[in-house]
Amino acid sequence: GNNVHVPPTYLQNCGEASVPWERWLRSFKIYLTAGFEDSISADKKKAILINALGMEGQRKVFSDSTEVSLKSLASASVEDLLVNLRELVAHCACCCG
């Protein structure tokens, strides 16, 4: 059996994130490395990442007011998506609208 622990949801509700971004990202990357085969596709990595953001994090990602969009998600590399998300989540705690 796979006993890899899933990282905490980053931003389930409006307000403060569960842990600081850098710490959460490190935990998420360890989870991807330990929990999945090397052959996992970039699309699956992106889906796992977006799922791990939580409901409020996902709302921020798919908001019309952000640069991250469904179109850019489809074409972005996982690393590019992480850079965009880092910028996005920097504003999550202060703007819940």
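This is a predicted model: local features need pLDDT of at least 70, side-chain atom pairs count only at pLDDT 80 or more; totals for chains, interfaces and linings use all residues.
H2 itself covers residues 42-52, and after it comes Gly54, with a positive phi near 90°.

Which residues of H2 are buried? They are Lys46, Ile48, Leu49, Ile50 and Ala52.

## H1 against H2

Two packed helices are described by the angle between their axes and the distance between the axes. Here, the axis of H1 (residues 21-35) comes within 12 Å of the H2 axis, and the two cross at roughly 140°. Angles over 145 degrees would count as roughly antiparallel, so H1 is oblique to H2. The crossing is right-handed.

Who makes the contact? On the H1 side there are Trp24, Phe28, Tyr31 and Leu32, and on the H2 side Lys45, Ile48, Leu49 and Ala52. By class, that comes to seven nonpolar residues, one charged and no polar ones. Ile48, Leu49 and Ala52 also turn up among the buried residues of H2.

## A look at Trp24

Trp24 is part of helix H1, and it's buried, with a relative accessible area of 0%. What does Trp24 touch, leaving out residues up to four places away in sequence? Its contacts are Pro7, Pro8, Thr9, Tyr10, Val19, Leu49, Ala52 and Leu53.

Take Leu53 from that list: Trp24 and Leu53 are 29 residues apart in sequence, and their C-alpha atoms are 9.8 Å apart in space.

Definitions and conventions:
Residues are numbered from 1 along each chain as its sequence is written. Side-chain values use heavy atoms; hydrogens and water are left out. Axes are lines fitted to C-alpha atoms, for helices over the stretch in contact, and angles run from 0 to 180 degrees between N-to-C directions. Helices (H or I, at least four residues) and strands (E, at least two) are DSSP runs, numbered from the N terminus. Angles under 35 degrees count as roughly parallel, over 145 as roughly antiparallel, 65 to 115 as roughly perpendicular and the rest as oblique. A crossing is left-handed if the near helix is turned anticlockwise from the far one by less than a right angle, and right-handed if clockwise. Contact means heavy atoms within 4.5 Å. Ala, Val, Leu, Ile, Met, Phe, Trp, Tyr, Cys and Pro count as nonpolar, Asp, Glu, Lys and Arg as charged, and the others, Gly among them, as polar. Buried means under 20% relative accessible area, exposed over 50%, partly exposed in between (1.4 Å probe, protein chains only).
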